[in-house]
Amino acid sequence: MLSIDILLNAVVTGILLGSVYASLALGLGITFGILHIPNIAHPTLVIAGAFFVYTFGQWGFDPIFAALIGLAPFYILGVALYIFYSRVFERRGGANVLQSLTLFFGLSLVIEILLALSFGSELKSVSVSYIGSSLKLGLLTIPYRLLIPALLGPVMIAAVWLYLSRTNSGTAIRAVAHEERALSIAGLNPASVKQHAFGIATATAVVAGAALIMIGPVEPFAGRFQIGRVFAIVVLAGMGSIPGSLAIAIIIGVAEALVASYLNPSWAPGVAFAILLLGLAFRPQGLFGAAR
Amino acid sequence: MKTRREFHKLAVATAAGLVAPAVLGSRAFAQDKPIRVGASVSLTGPLASTKNGLIGYELWRDDVNAAGGLLGRKVELVIYDDQSSAANVPAIYSKLVDVDACDVLFSPYGANLSAPVMPFIKQRNLFMIGMFGLAGNDVAKHDKFFHSGPWGPNSGRDWARGFFDLAKAQGVKKIAIINADLEFSKNAAKGGAEVAKEYGMEIVFNQSYPPNTTDFSAIIRNINAGDPEAIFIASYPADSTAIIRGVKEIGISDKVKLFGGAMIGPQYGALLSSLGPELNGLVNSHTFVPEPTMQTPAIKGFFDRYTPIAVKQGVDPLGYYIPPFYYVAGQLAAAAIIGSKSVDPAKMAAFLHANTVDTIAGKIAFNEIGDWKDRRVLMVQLRGIKGNDLEQFRNPGHQVILDPPSLKTGELAAPYNKARTS
């Protein structure tokens, strides 16, 4: 079964899936990679974003448009979460990783239960005209269900990367993780900068949620299955390398698709961690991270 | 002056007089005390879509209590949330038995959650009704365990045999099998492969995939490369959706006559309404559909009461797959208690082994390990679905029964490509 069409389709499917994985990992790349806050609730926030999109879908809104509407409320939610986090930990002299993990683990449980109580535990999906049809390009058959969510990833990542690298407030976000006191000396409030960064990270969750619910139905507990993969992407990319996370996500996506096509689909979930272990063995700082 | 003998008589009479009210009182108390029926239900977690079964339990309890209870005692349900986690199950059932003193137990939902409790009930010699655990008692072989679900004997291998009977009748020689890497699906696929071999079919593709796989394009392309005439799928709701959408996107050979078999999801209202016409042509297992051969006043009466409660609770408004069999579980327990005039596990079990019980799902007789003596899993073909309106599924003709022959309401529409687009 080594026909060229299966190989080509597997590679393209992998690229598309990788792009979606990058959307899922972007928020964690900001909170964990840049701010060093291990927000393991991020995949659950993505699911909350998917339910936001689902709700607007019930009123006839396209998922992408619904995601754009959701950017502001999710940004505010992120700011509120960071204020809570900083009041619990940072004002008391900082949190250790275990405390932070416990807090965000608890937060993800609370969000899951709230979603289950509000929407029930059954699968929810969106109905859009382009779901179910495909783009045919020679030997390639590309489902729009994958193609359109996959296009969201690079667009969103490019926007965030440009913001972080070309604007003053973006530079402040990158600076706050390196040297908080220096930022204070420069006249900026590190807490405000972190709030803003956490808000941006949480806002990306609604776009990632839109991508996820376009690909397939979601239920309140679906975020649990994404935690491992998104952490692998962020760590392997080099903790905070935004373009690097897109590259790593695509590598993982293509590797998973090839394993599913030529070996056994059951092995696919292990691919991300196999690549993570191999990558870290050769470059402990991550493939796109700077050595510190 | 009293003699010593008279004194002894007086002492015995006095003692009897003192003790008798206590003894009689405790007996009266035991009779007044409700019969406690304990179970865990997945109210939260990934299996929470099965919680509509609780409505079945509660309707049964209300009916029994309205009729005066069992053996003159009211019935009380003791329910805990297992959070869909097998790790929670042993502690819950220990509490149900040792702290709550339940007289009858219903198992958790399905094989994954039921497996941890089977050694416990066998060791403690308890009476249990099993809830949808496929082949749940095949290992423990506990003689006081009875299935409420219609899997039938040798269910690990045979429960989906109807799909292969249909394939055989269509002259299928090459078959593909895919399954999720989870207990139920793995058992279904393993059993299906054995039946396919028994029928002389060549298995051209046999592969499992991890839970929560969202893209099946690679698998569908590999299946197409094998050129099968039937595809047996054992999947869970999210993957069922992805597979059906994947077939629509990638396409499938016109040679495929049967597609489906053991897909979990198209039995539930959520998937029926979300996929709508995309389900046309699918041949899949079910436990109840509103076809003329299955509609009885009893089951109709059950759904007349179930639907408004389900709508109010925001759970599956159709509820064809699970809730009736939760009510059946109660009916089986009631029959055992009334028939044996006892809540003694051995007497209740002996009654169910020796008698046929009339339930809203029909007459049920059990073999020695508590399987239904006759398999009554349905193979239905979804047809004529237009739009995403859930109400259409309440009408006959959209879930046509192809197997078993005794309940059949139509012939297979094949090939699959024609059936799904017509």
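This is a predicted model: local features need pLDDT of at least 70, side-chain atom pairs count only at pLDDT 80 or more; totals for chains, interfaces and linings use all residues.
**Entry 1: chain A, overall**

I started by counting elements in chain A and got 11 helices and two strands. Next I read the elements of chain A off from the N terminus, and the order is α-α-α-α-β-β-α-α-α-α-α-α-α. How does the radius of gyration of chain A compare with the globule rule for 292 residues? The radius of gyration is 19 Å, close to the 19 Å from the rule, so chain A is as compact as a globular protein of that length. I also looked up the box that the C-alpha atoms of chain A fill, and along the principal axes it is roughly 60 × 50 × 35 Å.

**Entry 2: the two strands of chain A**

I went to the strands next. β1 of chain A covers residues 134–137, β2 of chain A covers residues 140–143, and four bridges join them in the antiparallel sense. I picked Leu135(A) and checked what faces this residue in β2(A): Ile142(A) stands opposite. What do β1(A) and β2(A) form? They make a hairpin, with two residues between the strands. In the turn I found Gly138(A), which has a positive phi of about 60°.

**Entry 3: α1 against α9 in chain A**

Now for the helices. I took α1(A), residues 4–34, and α9(A), residues 227–237; their axes are 8 Å apart and they pack at an angle of about 60°. That angle makes α1(A) oblique to α9(A). The crossing of this pair, α1(A) and α9(A), is right-handed.

Then I listed who meets whom. On the α1(A) side the list includes Tyr21(A), Leu24(A), Leu28(A) and Phe32(A). Among the residues they meet in α9(A) are Arg229(A), Phe231(A), Ile233(A) and Val234(A). Sorted by class, the contact of α1(A) with α9(A) has 11 nonpolar, two polar and one charged residues.

**Entry 4: α2 against α3 in chain A**

I looked at another helix pair in chain A. α2(A), residues 42–58, packs with α3(A), residues 63–88, at an angle of about 125°, and the axes are 9 Å apart. So α2(A) is oblique to α3(A). The crossing of α2(A) and α3(A) came out right-handed. From α2(A) the contact uses Gly49(A), Phe52(A), Val53(A), Phe56(A) and Gly57(A). From α3(A) I noted several, including Pro63(A), Ile69(A), Gly70(A) and Phe74(A). How many charged residues are in the contact of α2(A) with α3(A)? There are no charged residues, with eight nonpolar and three polar.

**Entry 5: the five-strand sheet of chain B**

Over to chain B. I found an open sheet of five strands here, in the order β2-β1-β3-β4-β5, with parallel pairing. Its edge strands are β2 (75–81) and β5 (145–147) of chain B, each pairing on one side only. From one strand to the next the twist averages 20°. I zoomed in on β3(B), residues 104–109, and β4(B), residues 128–131: they run parallel and three bridges join them. Leu105(B) has Met128(B) as its bridge partner in β4(B). Which helix lies across β1, β3, β4 and β5 of chain B? I traced it to α13(B), residues 323–340, which runs at about 165° to β4(B).

**Entry 6: the seven-strand sheet of chain B**

There is also an open sheet of seven strands in chain B, ordered β7-β6-β8-β9-β10-β13-β14, and the pairing is mixed. At the edges I found β7 (202–209) and β14 (399–403) of chain B. The twist here averages 25° from one strand to the next. One pair I followed was β10(B), residues 283–286, with β13(B), residues 378–382: antiparallel, over four bridges. In β13(B), Leu378(B) is the bridge partner of His286(B).

α8(B), residues 183–198, lies across β6, β7, β8 and β9 of chain B and runs at about 165° to β6(B). α10(B), residues 237–250, lies across β6, β8 and β9 of chain B, at about 150° to β8(B).

**Entry 7: where the chains touch**

Definitions and conventions:
Residues are numbered from 1 along each chain as its sequence is written. Chains are lettered from A and ligands numbered from 1 in the order in which they are written. Axes are lines fitted to C-alpha atoms, for helices over the stretch in contact, and angles run from 0 to 180 degrees between N-to-C directions. Angles under 35 degrees count as roughly parallel, over 145 as roughly antiparallel, 65 to 115 as roughly perpendicular and the rest as oblique. A crossing is left-handed if the near helix is turned anticlockwise from the far one by less than a right angle, and right-handed if clockwise. Two residues are in contact if their C-beta atoms, placed from the backbone, lie within 7 Å. Ala, Val, Leu, Ile, Met, Phe, Trp, Tyr, Cys and Pro count as nonpolar, Asp, Glu, Lys and Arg as charged, and the others, Gly among them, as polar. Two strands pair if DSSP finds at least two bridges between them. The radius of gyration is taken over C-alpha atoms; the globule rule is 2.2 Å times the number of residues to the power 0.38.
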